[in-house]
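Subject: Structure handover

Hello,

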Amino acid sequence: MSSLLELHNISMVFEQKSGLFGKATPIPAMVDVQLSFEPGEIVALVGESGCGKTTLGKVVTGLHKPTEGQLLYQGKDVWKMNKAEFSEYRRSVQLVQQDSYAALNPMRTIFQSLSDPILQHKLVRSRKEAYDRVCELLDTVGLTPPEQYIEKYPHQMSGGQRQRVLLARAISLKPKLIVADEPVSMIDVSLRMAILRLMSNLNKSLGIAFIYITHDLATARYIAQYGRMAVMYLGKIVEQGSVHDVLAAPKHPYLQALLSAVPVPNPRIAKAKRELPLKSLDMPSIMNPPSGCSFHPRCLYASQTCEQTAPSLMPYGNTIVSCHHVEKVPQWTIATVK
Amino acid sequence: MNENNIIEIRDLSIEFKLRSGTIRAVDHVSLDIPKGKVTALVGESGSGKSTLASAILNIVSAPGTIKNGSIFLNGEDILRYNANRLRHYRWSDVSMVFQAAQNALNPVMRIGEQMIETVLAHKKMGKPEIIEKASQLLDYVRLEPGRVLKAYPHELSGGMKQRVMIAFSLLLDPQLVILDEPTTALDVITQDYIFDILLKVHKEMNITMLLLSHDISVVARVADRIGVMYAGKIVELGETFEMFENAKHPYTAGLIQAAPSILDDVSENKSIKGSSPNLLNLPTGCAFHPRCEFSTDLCKLEQPRAISVGKDRLAACHLNEKGEMLA
């Protein structure tokens, strides 16, 4: 059986022109990405701003046509599909965006925003049926009683409630995969867990696969605890594996540095003196990526090989890592104060 | 006034008159900011921490008004300062690093010109002298002064702009620097080294800090003391280790439980139920009672007072009055 969705050597290069007659500079947002998603699984895609994670989300949902490589949905090339197949793919792969306020039309009620897609795709036959279905959807995402929310406008709801509406809209079309791009980064910390738990429940009860795109390793670990994780740096995947294996023994020097920088809600650990395992703190510009391994200027273990040749993803232990010196990199640990 | 404190806030209330009613963003708050320490205020959006900080600089702007209370610096109430004295107080005594550094810098002026302008607005000083001071500070926050002084804000990354803002705040050797969400919207690696720099400034230059943040994980590393704000009130205050290991207010305990970590058992994480209160229509009694798992009838009727629950510790929760401590 083929995977739900496969990315084969996908690259996405944007072009930026400076001035009217200026030369176009290529911006390689994704470079040679190989990744597949199985039905019903949760994959966390982690990286800092500018690493290409949002671009990957947009390629997966068909909003960007990749400049190189193939995107397969249930074994078929998305960009060679006929109209009916493409429409089926677009219905089955949904996107939930970061800014819930911008993603909802401020002039339309929740009922209007939620009933349009199901009427359009003929999942319900009448307005009356649509009303019942929207109530059911609001109930599923925990906006109960639905009558209290269905006639509201987006500005009358909190950020957490709007994010639930976006999830309701995403599941209304009975998708097989939802790409959630930083769905909780604009929500108060005290409410984040509830939204993440809702996504994990939708995954279990409806069997929908999720790609959770985030910069936050701690929430990635929370939602995808039994799933997989892929870590991106400057457009490339540098480490990939089950969340448990990746976090139990992170191998790529970049992932080790990233983990060391994550704030820990425990002063005994947070106050322990330590330095980030990095040579340089600033990320190089994606418009001018370093030669060889793009992490080499910041890496403590870099050698001449790293400056010249780019490593490829190779299995090491239980995970897949893209590093020439993976055997040399010491085990990652964290210090505590007594 | 206790001489160990730089600032003492007493019974401060700040109101905003809106078309739909009056909001009390800061509600009878008293707080000491002790010399040589990092004090943090933690609270969700709308809890009043930024409004409280703007009062310390006396820059509460319309429609906000300070209804009552005092803020003492060396025994003098800064809310009664005249314009001249205020100009000296701002930046020379207390300075601030504002949230979203990209918006705090003028996009059409070079960083060097902006630094000169800032100093001259508060103090008489020669330009070469200012440039020398600015260069030292930029170097101190690990930037290249030669390049940055000539740069426009758009030529700098988010992390660099935030370091420029830190250099700005130190220009006039203040005693206290207020940091309003200094790393929100920055990547974790950038956030980590911004706090490295801030801790260096705090220790080596002996500058007292007041840090405002919505994220209790960030605060755990930097703060010596933590005050937790909810609906305009400080509901718990204490030393950092004490707060994390023995929270006396259910909201503090909830915030700690809601913070995901890369280390602990994820099954122990949980959200606080409900959502932040509407300040136009606050719950009766304790504002937190609809979200609190320990709330009783008393909590619906009566506002708890902040009482001492240990050395230098305060908590405003009826549970403590009855001697029932949180587990």
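What follows is a short account of chain A as a whole, and then of some backbone details in chains A and B.

Please keep in mind that this is a predicted model.

Overall shape of chain A

Chain A contains 12 helices and 12 strands. The C-alpha trace of chain A extends over about 70 × 55 × 50 Å along its principal axes.

Of the 338 residues in chain A, 54% are counted as buried. If we take the contacts in chain A between residues at least 6 apart in sequence, 63% of them join residues at least 24 apart.

Surface and charge of chain A

The accessible surface of chain A amounts to about 15,200 Å², and carbon and sulfur atoms account for 51% of that area. There are 37 positive and 28 negative side chains in chain A. The centres of these two sets are 3 Å apart.

Annotated span

An unreviewed UniProt entry lists residues 5-259 of chain A under "domain: ABC transporter". Within that span, 39% is helix and 27% is strand.

Backbone details

Most peptide bonds are trans, and most residues other than glycine have a negative phi.

- Thr144(A) and Pro145(A) are joined by a cis peptide bond with omega of about -10 degrees. Pro145(A) sits in the loop that runs between helix 4 (127-140) and helix 5 (147-150) of chain A.
- In chain B, the peptide bond from Ala62(B) to Pro63(B) is cis, and its omega is near 5 degrees. Pro63(B) belongs to the loop between helix 1 (49-56) and strand 4 (64-73) of chain B.
- Trp91(B) is a residue other than glycine with a positive phi, near 75 degrees. Trp91(B) is part of helix 2 (residues 83-92) of chain B. With a relative accessible area of 12%, under the 20% cut-off, Trp91(B) counts as buried.
- Asp312(B), also a residue other than glycine, has a positive phi near 50 degrees. Asp312(B) lies in the loop between strand 11 (307-310) and strand 12 (313-315) of chain B. Its relative accessible area is 60%, over the 50% cut-off, so Asp312(B) counts as exposed.

Regards

Terms used
Residues are numbered from 1 along each chain as its sequence is written. Chains are lettered from A and ligands numbered from 1 in the order in which they are written. This is a predicted model: local features need pLDDT of at least 70, side-chain atom pairs count only at pLDDT 80 or more; totals for chains, interfaces and linings use all residues. Side-chain values use heavy atoms; hydrogens and water are left out. Helices (H or I, at least four residues) and strands (E, at least two) are DSSP runs, numbered from the N terminus. Buried means under 20% relative accessible area, exposed over 50%, partly exposed in between (1.4 Å probe, protein chains only). Contact means heavy atoms within 4.5 Å. Accessible areas come from the Shrake-Rupley method with a 1.4 Å probe; for residues, only the protein chains shown count as cover. Lys and Arg count as positive and Asp and Glu as negative; His and the chain ends are not counted. The place of a charge is taken as NZ of Lys, CZ of Arg, CG of Asp or CD of Glu. UniProt positions are given in the numbering used here, feature names are shortened, and annotations may be inferred rather than shown by experiment.
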